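Open the model in your viewer and keep the selection tool ready. We will go stop by stop.

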Amino acid sequence: MSLVRLNIKGISYSQTQSGAYALVLSEVDGSRTLPIVIGAFEAQSIAIALEKEIKPPRPLTHDLFKSFADRFQIIIKQVIIHKLVDGVFYSSLICERDNIEEIIDTRTSDAIALATRFDAPIFTYENILDKAGIYLKVKDELEINDENEDLNLEELSEESKPTQKSSFVNDSLKQLNEKLNQAVENEDYELAAKIRDEIENRK
């Protein structure tokens, strides 16, 4: 079976499960997409890895795995989504150390979160795309892009905080940057994302 390379197209709200999110993968050389339902924690972890601008002061679980692997010179070469059973995707991490390759079973959401940190390519088999892949119409694609623009780390949080709803209208850019640094130090990534968006809107 031939492998098909995928890219992360975005994260949108799941239409089938309340409180869950849909990770949308798209084939590199084609128009099919592969939506995968993931939890809020995994969605937040993937979003943080894709953001680049927000750096947690202490490592999240997937960051810890990356540090552990780096320390022991283990690299993740690629991720393969290799099986689909009853709507559940199964994945493998292809790892290497000292030229010895190992295959590790993993949840697909964890595999993608790690792939973003290792810059590892993501693949699936042609038969899985044939079975679960969908062709997005232009309208659907625009809706996903619109949702990604609105979807930030604040919305990926499992609980809201009163400070997230405060207004930053009266704050200067200098004050906003100070608050951004403070939010990151306090590991309040939802608030940090909101402040970052306010800063971006003023530029």
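Buried means under 20% relative accessible area, exposed means over 50%, and partly exposed lies in between (1.4 Å probe, protein chains only). Helices (H or I, at least four residues) and strands (E, at least two) are DSSP runs, numbered from the N terminus. This is a predicted model: local features need pLDDT of at least 70, side-chain atom pairs count only at pLDDT 80 or more, and totals for chains, interfaces and linings use all residues. Residues are numbered from 1 along each chain as its sequence is written, and side-chain values use heavy atoms, with hydrogens and water left out.

**Whole protein.** Show everything as a cartoon. Of the 203 residues, 43% count as buried.

**Strands β2 and β3.** Select residues 21-27 for β2 and 32-38 for β3. They form a hairpin, with four residues between them. Strands pair if DSSP finds at least two bridges between them. Here six bridges join β2 to β3, and the two run antiparallel. Pick L23: I36 in β3 stands opposite. How many of the seven residues of β3 are buried? Five are, and β3 is mostly covered.

**The largest core.** A nonpolar core is a set of buried Ala, Val, Leu, Ile, Met, Phe, Trp, Tyr and Cys residues joined through side-chain atoms within 4.5 Å. In soluble globular proteins, nonpolar side chains tend to be buried together. Now select L25, L34, I81 and F89. Among the 31 residues of the largest core, these four touch the most other members. Elements that give two or more residues to this core include β1 (3-13), α1 (40-51) and β4 (75-85). Which element gives the most? α3 does, with six residues.

Zoom in on L34. Contact means heavy atoms within 4.5 Å. Leaving out residues up to four places away in sequence, L34 touches several residues, including L6, L25, I81, F89 and L129. A second, separate core has 11 residues, among them L176, A193, I195 and I199.

**Helix α3.** Select residues 108-118. 11 of its 11 residues are buried. Among them are T108, D110, R117 and F118. Step on to D119, which follows α3. The phi of D119 is positive, near 55°.

**Salt bridges.** A salt bridge is a side-chain nitrogen of Lys or Arg within 4 Å of a carboxyl oxygen of Asp or Glu. Side chains of opposite charge can pair when their charged atoms come close. The whole structure has 11 salt bridges.

- Show D63 and R117: their side chains meet in a salt bridge (2.6 Å, N to O). D63 is in helix α2 (residues 61-71) and R117 in helix α3, 54 residues apart. Both D63 and R117 are buried.
- Show E96 and K77: this salt bridge is 3.4 Å, N to O. E96 lies in strand β5 and K77 in strand β4, so the pair ties together parts 19 residues apart in sequence. K77 is partly exposed, with a relative accessible area of 35%.
- Show E27 and R32: their closest N and O atoms are 2.9 Å apart. E27 is buried, at 8% relative accessible area, and R32 is buried too, at 9%.
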